[in-house]
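Subject: Structure for you to look at

Hello,

Here is the structure I said I would pass on. Please open it first and then read the notes below.

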Protein chains: 2
Amino acid sequence: MNKVDADQVVASQLRAVSQRYTNNRRRLVSILLSSSKPLTINQILEVDQGLAQSSVYRNLVVLEEAGSVVRIITNDDHARYELAENILEHHHHIICSPCGEIIDFHLADHVESTLEVSLQEIADQLGFTLDNHRLDLIGTCSSCNSS
Amino acid sequence: MNKVDADQVVASQLRAVSQRYTNNRRRLVSILLSSSKPLTINQILEVDQGLAQSSVYRNLVVLEEAGSVVRIITNDDHARYELAENILEHHHHIICSPCGEIIDFHLADHVESTLEVSLQEIADQLGFTLDNHRLDLIGTCSSCNSS
DNA sequence: GCAATAATGAGAATCATTCTTATTATAAAT
DNA sequence: ATTTATAATAAGAATGATTCTCATTATTGC
């Protein structure tokens with residue numbers, strides 16, 4: 001999605017939870033939009049050194065509550081953030097366990113839809129209401145493999 | 001897997017990393033084996049009040065390094081632990097986001113194998129070596145739904 | 001048995017994240 | 001436009017799960 005469209009989606013999502021689309025929040029969305037992968041707080045602070053750490057934390061919480069941002073937790077003690085799937089598209093993650101790096105990928109359509117049918121059945125059986133699913137591949141990236 | 005077999009697997013995994021299968025570690029394995037779901041540190045300490053918190057943390061790290069235990073991180077600030085898949089069987093998790101509760105489930109065999117083929121292809125394309133995959137369903141359990 | 005080495009546990013230290021609060025910016029109404 | 005009310009900001013303090021330290025205790029090999 002391009003910047004203008006993304007801004008419109010975020011603006012309306014924020015409005016829906018009575019939050020403003022302030023300058024700081026625009027900067028966050030812009031940073032996440034131009035990244036092809038989920039970023040840690042520290043990575044965000046490196047990209048835009050004018051941002052205050054506490055504001056970044058708070059605003060990412062607000063954006064998450066609005067449904068514009070998703071927080072991804074891996075095993076390496078630093079949460080990572082990316083734009084939600086109504087902005088980026090549904091996708092999954094492949095995670096390098098040595099270095100913590102994450103890359104987005106898409107599943108072939110027929111695999112994705114087969115999977116979704118199965119998952120819905122399972123949720124029904126267990127009495128769960130389903131919000132979404134996460135599929136993560138855990139492995140080692142080529143650069144960690146060669147070092 | 002029954003207790004005797006699980007003990008044997010863990011014993012040999014610990015031996016392989018030059019660690020002892022001590023009494024405290026046996027108690028942890030036993031607790032995890034008799035639980036049908038991943039447990040937090042606090043839940044473990046409630047079940048066996050004789051264990052020291054610091055030892056539980058340390059021993060779970062040792063067991064994780066040995067490949068006997070897996071640490072699961074959700075969004076609720078408490079890691080959960082369960083036995084690895086060579087002891088329990090490959091499975092996935094359905095997570096209740098309001099209360100953090102996790103339940104194990106299995107995918108139908110044909111769905112699981114279709115998925116695995118696709119995932120391997122993707123990892124190959126991206127130059128990753130694949131260790132395993134995680135599939136989590138995020139939703140709301142029936143008891144959270146009714147309250 | 002006796003070193004030598006590893007495990008234990010109590011409490012201190014760490015560090016990502018959240019909270020507090022005074023200040024600043026924004027929006028609504030007149 | 002100015003005022004007023006409300007929300008956002010940012011610096012630093014507080015929180016809390018996890019990790020580290022180290023003196024003590026247990027275990028292994030000789």
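Two strands count as paired if DSSP finds at least two bridges between them. Keep in mind that this is a predicted model.

S6(A) is joined by 11 bridges to strand S6 (residues 129-140) of chain B, and the two run antiparallel. For an example, find Thr129(A): its bridge partner in S6(B) is Thr140(B).

Now the interface as a whole. Contacts link 37 residues of chain A with 37 residues of chain B. The size of an interface is often given as the accessible area lost when the parts come together. Here about 3300 Å² is buried between chain A and chain B, and carbon and sulfur atoms give 62% of that. On the side of chain A, the residues that lose the most area to chain B are Phe128(A), Arg134(A) and Ile138(A), which together make up 21% of what that side buries.

Arg134(A) also takes part in a salt bridge: its side chain meets that of Asp136(B), at 2.9 Å from N to O.

S6(A) provides the largest share, 12 residues. By class, that side of chain A has 19 nonpolar, 14 polar and four charged residues.

Regards

Key
Residues numbered from 1 in each chain as written. Chains lettered and ligands numbered in written order. Predicted model: local features only at pLDDT ≥ 70, side-chain atom pairs only at ≥ 80, totals over all residues. Heavy atoms only, no water. Contact = heavy atoms within 4.5 Å. Buried area = accessible area lost by both parts, 1.4 Å probe. Salt bridge = Lys/Arg side-chain N within 4 Å of Asp/Glu carboxyl O. Helix = DSSP H or I, 4+ residues; strand = E, 2+ residues; numbered from the N terminus. Nonpolar A, V, L, I, M, F, W, Y, C, P; charged D, E, K, R; others polar.
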